[in-house]
Amino acid sequence: GVPATTLEQPSVDHRACGHGKIILLGEHAVVYGSHAVAAPVPLAVRAVAQDTKSGGVDMFIPRWGVEYRLHRDPAHRDSFQRSLGIIFDELQLTDRSMRIEVFPNVPRAMGLGGSAAMAVAVIRALDQHYKLGLSDEETNALAFRCEEVAHGSASGIDNTVATYGKPLLYKRASKKGEAPMVRELHLPKRIPLVIGISGKESLTAVTVGKVRTAWQRNPALYDGIFQQIDALTLQGVEAMQQYDLERLGDLMNICHGLLNALRVSSWEVEELVQIAREHGALGAKLTGGGGGGSIVALCPQNREKVAASIRDAGYQAMEVDIG
Ligand code: MEV
């Protein structure tokens, strides 16, 4: 099935925003300390806060038919409320009377960083409304706390792209509490991609958990795969900076093979990857958590054909340039 989402290009408006993202190389391995490359996509979550007299925090996500009153006591929050609830607790706004309206233009559970983008949008809406003066660093740190609740082992890459909206090379800190390595990537030219969206919802928490279980059974074997992903990600950065798209495409294909070895691919993802390669993509791989979700294909030629073939097969496709 295709998700009931329309992929509008967000226009600049007064609502606070968090960016959706793709991971070009290095997902999953990044949780274990490898490098990863990510970039924002022109899809964002927007949010706006308003005062009310309702006596509580009311959250509305009209597109998803979600409406709830945030429970003051964290112990009584369901899994959806728990992650965003941290924002209100941390900013000491749980007792205010307000309405938060969220406009998610990032499709849900499609590996495009929707949960991190939503956290950033809500933090920024509160920052604007209550004039909290939060810096990007503070926004990012708070969104990371939400991501940690959403999936225990979050590397922090999604909230970082959601906050800064720039292509970057990322490596998590080796010790808790230390800052991650974040380097903005300056590319000679924009890189043309197609995002293929499978429509199969998949929670990153689930695929990250599966990889962890497998790693615990045989750490040496899995550490070897993570190291290979790390090495090819760094080669990929070089290829991007030299605008060597043939090489970048090869590296994306190999990265997908290794992600498949980690068993985070799916039937739909494999079909999307095959369609993209068959119609001229230089490289194609799953992006983000996998298990469904989305793929990215590198398409300096035949981009329209790749996108059209993906649509013909019943999936959604988006042409985006990164850099
Ligand atoms: C999800 O976008 C990327 C993963 O590597 C998880 C993470 O880095 O937190 C799968």
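Trainee: Which residues line the largest cavity?
Mentor: This is a predicted model, in which local features need pLDDT of at least 70 and side-chain atom pairs count only at pLDDT 80 or more, while totals for chains, interfaces and linings use all residues. Residues are numbered from 1 along each chain as its sequence is written, and side-chain values use heavy atoms, with hydrogens and water left out. A cavity is a set of points on a 1 Å grid over the protein atoms alone where a 1.4 Å probe fits but cannot get out, and lining residues have an atom within 4 Å of a point. For the largest cavity, the lining consists of A109, M110, G111, S202, L203, T204, T207, T287, G289, G290, G292 and G293.

Trainee: From which domains does the lining of the largest cavity draw at least three residues each?
Mentor: The bounds used here come from an automatic or database domain assignment. With those bounds, the lining of the largest cavity takes at least three residues from each of two domains, namely domain 1 (16–184) and domain 2 (191–322).

Trainee: What is the volume of the largest cavity?
Mentor: When the whole structure is searched, one cavity of 30 Å³ or more is found. A volume is the space filled by probe spheres set on the grid points, and for the largest cavity that volume is about 40 Å³.

Trainee: Why does the largest pocket lie between domain 1 and domain 2?
Mentor: A pocket is an open set of points with protein on both sides within 12 Å along at least five of seven lines, and the largest pocket has a volume of about 860 Å³. It is lined by 43 residues, of which S115, E147, A150, L203 and T204 are the closest to its centre. The largest pocket lies between the domains because its lining receives residues from both domain 1 (16–184) and domain 2 (191–322).

Trainee: Which helix gives the most residues to the lining of the largest pocket?
Mentor: Helices (H or I, at least four residues) and strands (E, at least two) are DSSP runs numbered from the N terminus. Among the elements that give two or more residues to the lining of the largest pocket are strand 1 (16–25), helix 1 (79–90) and helix 5 (204–217). The greatest contribution to the lining of the largest pocket, five residues, is that of helix 1.

Trainee: Which helix supplies the largest share of the lining of the second largest pocket?
Mentor: The second largest pocket has a volume of about 530 Å³, and of its 25 lining residues F144, E148, G177, E178 and P180 are the closest to its centre. Helix 3 and helix 4 each supply at least two residues of that lining. The largest share of the lining of the second largest pocket, six residues, belongs to helix 3.

Trainee: How far is an oxygen atom of the ligand from an N or O atom in the side chain of S155?
Mentor: A polar contact is a pair of N or O atoms within 3.5 Å. The side chain of K21 has an N or O atom 3.0 Å from an oxygen atom of the ligand, whereas for H28 a backbone N or O atom lies 2.9 Å from a ligand oxygen. For the side chain of S155, the distance from an N or O atom to an oxygen atom of the ligand is 2.6 Å.

Note on methods. Polar contact = N/O pair within 3.5 Å; in protein donor to acceptor, adjacent residues only side chain to side chain.
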